[in-house]
Amino acid sequence: MTAEATASYRILGPLEVIGGDRRECRIARGRQQVILGMLLLEANRVVSAESLIAAVWGDFPPSTARTQIQACISSLRSALGEIDEGDAIVTRDPGYVIQVGDQQIDSQVFAKKVAEANSLIAEGAANAAELLDEALGLWRGRALSGVVSSKLRSKASELDENRLVALETYTELELKAGRPGRLVGSLRALVAEHPLRERIRGQLMLALYRSGRQAEALETYRAGRLLAIEELGLEPSDELKRLELAVLSGEAALPPEPGTVPREPEPVRAAPVPPAPVAPAPVPPLVPFQLPSDTAGFTGRACLIEGIDQALRDDGNQATRIVTLTGPPGAGKSTLAVHVAHRVAARFPHGQLYCDVGGTRAQPLTPAAVLGRFLRALGVPGAALPDDVDERAEMFRHLLADRRVLVVLDNVRSEHQLRMLLPGSASCAVLITGGPRITGLAGARAFNVDVFENAEVLEMLEGVIGAQRVRDEAAAAETLGHMVGRLPLALRIVAARLAARPHWSLAWMVERLSDQHRTLDELAHGDLAIRTSLALMYNGLDEEARRLLRLLSLLDGTSIPAWTAAALLDTGLPHAADLLELLVDAQILHVEGTDPTGSPRYKLNGLIRLFAREELDRTEGPEGQRAAVARVVGGWLAAVEEAHRRIYGGHFTVLHGTAPRLRFPAGYFDRLLADPLGWLESERANACAAIRLAADAGEAEACWDLAVSLVSLFEARCYFEDWEQTHLWALDSVREAGARRGYGALMCSLGSLHISRSQLTAAGQRLGVARDVFAELGDVHGQAMTRRNLALLDQRRGNNEAALAQYRPALEEFRSAGDSVGAASVLVHMASMEIDRDNRDAAGAHLSEALAICRATGSQRVEVQVRYVLSVLRQRQGRYTEAEEILTGVLGQVRERRDMAGESRILHGLGLVNARLGRTGVAQTRLREAIAIRERIMDRVGAAEARLELAQLEVAIEDRMLLGDHHGVVCRTGGMANTAGPGRTRGDGLPDER
């Protein structure tokens, strides 16, 4: 880095990095901010890795701390790279250094200006104050505020101290220049922040005195003296005492006013005692009652109301009681606050102040405007209102100092709006509603106002339309609550409409709300409208957050992974994650757990989604929406394709299209897909919704590709309905687009589904179409998969010779297409048929070749099938113990993958093997387990076979018992020798049936 670099680093306040083109570089909260803050505090000097570890974790770092620091440094370089500062952080033993120019970091600019000002002061120059003012203007708050680290705070406090010293010097120069009035407000704030700093207190006394406010100057001294005695057990310094005496006497101990001739000091003389004035009759103070009216028939929230009531009680502490209510838009925060305020009003006899500060509006009320309203309500005439907001705040606190007043601040956006609106007296209380950004107030009690519970939904409806009407249509009442997300505002509107139309049934209201194009129109009554409430929320966001919310309305899954937001916006994941958190802060999104990478997952309320979709259609054209859909579906396609690859050891036994894939960061899939089948299971609803989204958007290539790729999950977990529905959506899409290869792939896959359901005629029809399409295209891979499924169909029909005639060319086509795992699946089926023909050597050769392929590719899923058929071969060879060992080993594998079809098949086999071994109790247990699973997955043929085996086993047991033979029982069917191989039943959910 050189001094000519244009990026700027700001640490005199919240941490900010601004590029030369004024783009802000977003640094992730937490560890990355701590590390960058440490490097900037020691700019151009090496910071050891140990110091960074201590700053992040204190005295208890994890064992991986050094590795995590390296990862954070890498992320920081990537973030800085977006503003062309990627090489600013350099690795240098024993740690890291950030290289910046003198003008790039505000702390160094500040130090340089202060040094120049001090030189001017020493020379007696007149423009030192102007230079100090420029230096102080660089500050935006406490150094590195918001970055949480005790070590960092300790270092940053040195900068804060330098700022105070510069402020004191600047104040002294301004006082000497005769400008005391402009200093009072800032000095009061400084004294409040640093009450024991005597130099600042003395400067405030002097500024007040020179502004003609002698009494306030003396009160400032007395307050400081009491504080020093209470906190330190000390009297003020002699210098501050002399200043008090000078203020009392008005004598020359004070510095002279500009333009006056200094006088010689005179001894302090006692002032004559004036006659006691006649006290005027006291004027009773105004008692404001500004609360809006309470909601008639308010229902629900009993526990919440009790908790807020308790928090507003006087507990004997010396601080103002502050209660904050946060929650999603429409949750009824304002209604609840007003209800509680009326409930506790008797405890505040000097009045209740209320103001909607408009935090969700584009231009909320300023603190000065709110204070103006409150001061007028407290009896201050308009002409007497100070112009300066600090002085208004001082007057407000002074008027409430000995009163019991409740202040209700509704719809607050951030703490910035609040600082000057809080009373200073413990006799007062403040009730605040707004978003989560108001919950950081020191000493505040925070309550979350969420949507209603089901019982509260019914209670509200009963209170408005009558209990009998709700009881008569209890199911419809619950459905109404669900349709509006149990939002109190939406329920109030529904209840009001039903009350106004007693001839409407609740079922008819459900019907009216069912049309999503009209839902928001239906949720309006009188001056109540859910769209208005949501618009206020929406308008309070910045444009990037609004656009993300609009695009999120395109998604219709169960939850939202963070990467989908990055895809929608076509931006980096860290930036998208920050925007998602802004929506969480506004309680528009809710966090719904985490994904395997540790990234949060989010949920969008249905009504907010409908509103956002309206805004999307209004602001974004069809092409922009389609481009966003293509990026998201491309992300799902990339992730599902990679999951399939990890399950099968490669891109085997599946056909892919030409749709673009979203690129993910390096190493992302290693964390996300550590358990690929488990991940597919967790994302099933989202991935299926992505197929429908692609179909609706006309993204045919991505649509069919994603559908056939998901068969890895549908087959293993027996999600036959999802399998069929997603393929039918995709079929409509490829027909419209004329995507022939996709059409063939879908027909081939649906043929496999029909075989799994024992719908053999439908399977033949689908597979016949697929065969013709792939022959027309000359698609060898597609032909191989279709021919294999046709062979399996022949095998299920008992036509083994026709099956072998299909399997042999399918094997060569798989090899020609480079699909070795597909070839292995054919070898398994051929081995099964050779077992049925009692050609054991040929079967063994096929299985050995298939097993070698599986081990070379790492395809554990197909290896399970190979080993299952090997167990059948071992039984034919009379090696039942070996067969049991093989089946027991693969049972654990299929259970770990939660492959229910495979588990049922292996349990069936174990039942028959144990019967051969004379373990009748174990055999019965295994067969019953197999029956239970097959019934659950709707495999009626397999369940019937297992029931037959169990019945024959129980008959055989009974026969033996009658004959007195307790040595062993063999099923009348001959056990596994008469049990079909993988071609007869569905199989264990492996790819050979697709």
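This is a predicted model: local features need pLDDT of at least 70, side-chain atom pairs count only at pLDDT 80 or more; totals for chains, interfaces and linings use all residues.

Residues are numbered from 1 along each chain as its sequence is written, and side-chain values use heavy atoms, with hydrogens and water left out.

A search of the whole structure finds 59 salt bridges (a side-chain nitrogen of Lys or Arg within 4 Å of a carboxyl oxygen of Asp or Glu).

Select Glu16 and Arg140 to begin: they form a salt bridge whose closest N and O atoms are 3.6 Å apart. The pair links distant parts of the chain, 124 residues apart, with Glu16 in strand β2 (residues 16-18) and Arg140 in the loop between α5 (128-136) and α6 (150-176); helices (H or I, at least four residues) and strands (E, at least two) are DSSP runs, numbered from the N terminus. Glu16 is partly exposed at 21% relative accessibility, and Arg140 is partly exposed at 32%, where buried means under 20% relative accessible area, exposed over 50%, and partly exposed in between (1.4 Å probe, protein chains only).

Next, select Arg531 and Asp521, whose side chains meet in a salt bridge at 3.1 Å, N to O. Arg531 belongs to helix α21 (residues 530-539) and Asp521 to helix α20 (residues 519-522).

Finally, select Arg855 and Glu863, a salt bridge with its closest N and O atoms 3.8 Å apart. Here Arg855 is exposed at 55% relative accessibility, whereas Glu863 is buried at 16%.
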